[in-house]
Amino acid sequence: MTGVAISGVGMTEFRAAADASILELAAAAADRALADSRHSREEVASLHVSNALAESLGTRAGVANALASAIGVEGASADRIENTSASGASACHRGVEAVGAGGEGVALVVGVEKMSVRDTPDVTESISRLVHDREYRQGLTLPSFGGLAAGAYLDRYDAPRESLAAVAAKNHRNASANPFAQFQKAVTVEDALESPVVADPLRLYDCCPMTDGAAAVVLSPEEGVPDEGSVSDGESVRVEGIGSATGTHAIAERDDPLAIESVRTAGERAFDRAGLAVDDVDVACIHDAFTILELLELEELGFYDPGTAWEATLDGETALDGSLPVNPGGGLKARGHPLGATGLSQIVELVWQLRGDLPDERQVPDPEVGFAINVAGFGNNSVCTVVRHG
């Protein structure tokens with residue numbers, strides 16, 4: 001156990017936000033998280049801001065310092081954490097360490113990205129540069145890796161193409177009940193199968209969208225938290241364990257293209273520190289930038305044996321009413337993927353689920369333990385978080 005409680009959470013809607021700057025998005029999420037907590041701005045000892053693309057997209061520099069001023073927490077320490085698409089969970093990791101080391105101060109962790117400021121080719125180029133230099137020069141992109149992995153998985157395990165489409169349909173169905181999600185329209189397996197090809201066998205509905213948005217959490221020492229009298233009961237949600245790990249950067253140098261070592265190692269570290277196991281998890285948020293990643297990560301983490309997550313998906317085990325609800329908020333696939341905010345939006349979703357804050361149509365029944373994984377690149381770096389209620 002970390003001794004760190006999640007005292008408040010908040011996020012903005014995930015979609016193109018033409019009328020809001022990156023700073024305004026971040027401030028809105030921070031304000032909502034603070035309002036959800038029992039803490040005032042004066043209690044914030046550290047501010048951790050996750051963002052991946054502000055400079056490359058020309059949004060702004062110095063976002064952490066600007067945000068500290070914008071929300072009135074001057075005097076707090078402030079830093080910006082960049083870990084590509086795992087920036088959000090990495091910032092949460094830093095916040096947990098800050099609270100755990102200090103024992104008193106409150107940490108405010110805010111993730112934000114504004115991707116609509118540039119055209120799709122420009123954003124794609126910025127994201128493509130996170131791959132290994134040699135692979136970048138050869139023209140390989142994240143969708144390329146996703147397509148290669150998907151094809152290898154389907155061949156190795158004799159899985160039908162419908163198994164990937166079922167992931168997309170499930171996550172879109174979950175997002176249709178989530179007012180914060182970018183896509184709130186359900187799609188069928190047939191819709192996914194018939195969508196345009198992006199990187200064969202991946203199609204459009206197998207790939208997450210570009211998104212604007214922000215998410216935030218307030219972290220505080222677990223000791224001394226009152227049992228009542230707070231704005232919400234968020235203090236009863238604890239960070240039980242958090243762990244991160246890197247993996248082989250160049251995909252071509254990995255022993256097995258379907259093995260993502262950073263996912264496995266980060267998961268082991270998080271569960272070991274929590275004193276829990278995959279069987280204890282009641283709800284999971286999995287980094288499904290591509291549908292194939294949901295299957296690979298579930299297997300790498302030990303939720304399912306290799307080559308069986310696709311069967312579990314088709315059988316409904318990962319649906320909202322299944323034995324292991326996965327991505328109840330829609331995941332990256334349908335909630336959206338503003339890189340710096342995604343990892344924190346997963347934590348927000350888990351806190352809402354564990355507190356029982358959600359309407360029946362998207363509430364997992366009586367969950368106690370939640371799990372999230374946020375992945376950088378195609379497994380270059382992974383961060384896993386285990387949270388518990390009660």
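Of the residues lining the largest pocket here, 18 are nonpolar, eight are polar and one is charged. Keep in mind that this is a predicted model.

**The largest pocket**

- The space in the largest pocket comes to about 610 Å³.
- Its lining is made up of 27 residues, and the ones closest to the pocket centre are Pro143, Cys207, Cys208, Met210 and Phe290.
- Two elements give two or more residues to that lining: helix H4 (120-128) and helix H6 (142-156).
- H4 supplies the largest share of the lining, with four residues.

**The cysteines**

- How many disulfides does the structure hold? The count is zero.
- Cysteine 208, one of the residues closest to the pocket centre, is in no disulfide, and its nearest cysteine sulfur belongs to cysteine 207, 7.3 Å away.
- A disulfide needs the two sulfur atoms within 2.5 Å, so that 7.3 Å gap to cysteine 207 rules the pair out.
- Is cysteine 208 buried or partly exposed? Its relative accessibility is 22%, so cysteine 208 counts as partly exposed.
- For cysteine 285, the closest cysteine sulfur sits in cysteine 384, and because the two sulfurs are 12 Å apart, they are too far from each other for a bond.

Technical notes: Residues are numbered from 1 along each chain as its sequence is written. This is a predicted model: local features need pLDDT of at least 70, side-chain atom pairs count only at pLDDT 80 or more; totals for chains, interfaces and linings use all residues. Side-chain values use heavy atoms; hydrogens and water are left out. On a 1 Å grid over the protein atoms alone, a cavity is a set of points where a 1.4 Å probe fits but cannot get out, and a pocket is an open set with protein on both sides within 12 Å along at least five of seven lines; lining residues have an atom within 4 Å of a point. Grid points are joined across faces, edges and corners, and a volume is the space filled by probe spheres set on the points. Ala, Val, Leu, Ile, Met, Phe, Trp, Tyr, Cys and Pro count as nonpolar, Asp, Glu, Lys and Arg as charged, and the others, Gly among them, as polar. Buried means under 20% relative accessible area, exposed over 50%, partly exposed in between (1.4 Å probe, protein chains only).
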